[in-house]
Amino acid sequence: MAATATAGSIAASAPGAEEHMDPRRLIAFFAMVVGMFMAILDIQIVSASLAEIQAGLSAGSDEIGWVQTSYLIAEVIMIPLSGTLARIVSTRVLFSVAAAGFTASSALAATATNIDQMIIYRAIQGFIGGGMIPSVFAAAFTIFPPSKRNIVSPIIGLIATLAPTIGPTVGGYLSHAFSWHWLFLVNVIPGIIVATLTWTFIDFDKPEPGLMKKFDWWGLASMAIFLGSLEYVLEEGNANDWFNDDHIVLGAVATALAAIVFFYRAFKVDFPVVDLKAFANRNFAFGSLFSFVMGIGLYGLTYLYPLYLGRIRGYDSLMIGETMFVSGLAMFVTAPIAGVLAGRLDPRVMMTIGFAGFAAGTWTMSQLTADWDFWELLVPQILRGCSLMLCMVPINNIALGTLPPARIRNASGLYNLTRNLGGAVGLAVINTMLTQRQDFHYARLAEHIQWGNPEALERLRNMAANFTANGLDGTTIAVKQMAAMVQKQAVILSFIDVFLILTVLFLSLIIGVMMISKPQGAGPGGDH
């Protein structure tokens, strides 16, 4: 695969002793990349096949969403915690145990016979799998010399963005070709291989078990409540009418109180569960902000495209996956180009091009109609895929490339957390906007479909006559169909509003790019 070829090029291009890469470390790193791919893919691979899982487990429509929510809540708690755990037990123990636990919980999820078992197994899977994601970013910026980052950064950027993008494609294919059980069984063999290789070959750091005596248990509890409740509120808020629901109100109160305790302890205790001092680095702070917004774009569009194709075009999960494969292919093709450009262009220029390209793609989608299918979505998806890679590579380098090695493990957890929280916040805002704007557009359109509008009356009479000629209650059916047409158009207009907001958001990031300093060793004339 491309990863193997890249590994060979890294080893072959090392000019001096300080540039030499130990083959054992290369094997370990690429095993970690596969583990990260599995953990991130598992968020979206299930989302395209929730209907099949619901039918297989005889779950209610209000229960099936927790298959996703439980995974996301557990994962978002583990991601920032992973840096501290890596210091205590070492990256080797953390990653290999996480890979083994993720594999075991995947197998358990495939054996679930009811929705309660599935929710528990998915929570375990998300919590354990979350430990693999930041470790890869930390390893990339500690074991590779700066001259190799333009090769390594596109790899982790590609995996972090490609996995959620192709998730619906993979999930749709597996559930159609086999059964929903294979959404989880597909992790078993790669997971065993990853756990074995990482246990055997990782030697990046040594454990510091003495830190366990200073471990901040109150900080951990407050962080778990803070992030878990926040994720719950964001995931379930729109479906439950936000603060009109008692559970959402309790979740919001728990989020606020736990946040106060968490931030207080993060700045007061000697060994906080998450070290927030990395945000004092200006480039890391801006890189995390960009990562947050990229999370909105990455997860938001991975949600919007299937939603449009399912609700408006009537596509099933396999057809949605085949249509969305274009973005993944565009990312894969752009990754090596982004690596080359990272060595020749100022990263700020790359990000500007990427943000502008992303905005161009969402602006194109603002011309959406009910008839758009694969070919109309082709150019916006190519723009999205190419722009994501052009953004992610320099953002990774800017956020983590200027930090001292001692800070990178904790910082990589925070950095990955911002992307996930961006996705959660983005989906909550997008869902709320879709609901509110759909109601608004429906009311405005309905004003024109009334007895004083001759065109509407003529359309209604023609539809009623066609149904009546076939022996049906023409007037009743025509009114229902007219209401459905108005509803459909209102949905499309609400999608257009969301795409316009995303366009403005990504164009505004270009202003943020102007406020960061160029990292040492980045772009032409850098230290390569």
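**A guided look around Leu400 and beyond**

Visitor: Leaving aside neighbours within four places in sequence, which residues is Leu400 in contact with?
Guide: Keep in mind that this is a predicted model. Contact here means heavy atoms within 4.5 Å. With its neighbours within four places in sequence set aside, Leu400 is in contact with Phe137, Phe141, Phe284, Ile408, Ala411, Ser412 and Tyr415.

Visitor: Is Leu400 buried or exposed?
Guide: Leu400 sits in helix H16, which covers residues 374-400. A residue is called buried when its relative accessible area is under 20%. Leu400 has 0% relative accessibility, so it counts as buried.

Visitor: How far apart are the C-alpha atoms of Leu400 and Asn281?
Guide: Along the chain, Leu400 and Asn281 are 119 residues apart.

Visitor: How far apart are the end C-alpha atoms of helix H15?
Guide: Helix H15 has 19 residues, 347-365. The expected span is 1.5 Å times one less than the number of residues, so H15 should span 27 Å. That agrees with the model, where the end C-alpha atoms are apart by 27 Å.

Visitor: Which element gives the most residues to the lining of the largest pocket?
Guide: This pocket holds about 1300 Å³ of space. Of its 44 lining residues, the closest to the centre are Leu50, Gln68, Glu235, Tyr303 and Asn431. Several helices give two or more residues to the lining, including H2, H4 and H17. The one that gives the most, with 7 residues, is H13.

Visitor: How many of the residues in the lining of the largest pocket are charged?
Guide: The lining can be sorted by residue type. There are 21 nonpolar residues and 16 polar ones. The number of charged residues is 7.

Visitor: How many disulfides does the structure hold?
Guide: A disulfide is a covalent bond between the sulfur atoms of two cysteines. Cysteines do turn up here: Cys386 is partly exposed, with a relative accessible area of 24%, and Cys391 is buried at 0%. Counting pairs of cysteine sulfur atoms within 2.5 Å, the number of disulfides is 0.

Technical notes. Residues are numbered from 1 along each chain as its sequence is written. This is a predicted model: local features need pLDDT of at least 70, side-chain atom pairs count only at pLDDT 80 or more; totals for chains, interfaces and linings use all residues. Side-chain values use heavy atoms; hydrogens and water are left out. Helices (H or I, at least four residues) and strands (E, at least two) are DSSP runs, numbered from the N terminus. On a 1 Å grid over the protein atoms alone, a cavity is a set of points where a 1.4 Å probe fits but cannot get out, and a pocket is an open set with protein on both sides within 12 Å along at least five of seven lines; lining residues have an atom within 4 Å of a point. Grid points are joined across faces, edges and corners, and a volume is the space filled by probe spheres set on the points. Ala, Val, Leu, Ile, Met, Phe, Trp, Tyr, Cys and Pro count as nonpolar, Asp, Glu, Lys and Arg as charged, and the others, Gly among them, as polar. Buried means under 20% relative accessible area, exposed over 50%, partly exposed in between (1.4 Å probe, protein chains only).
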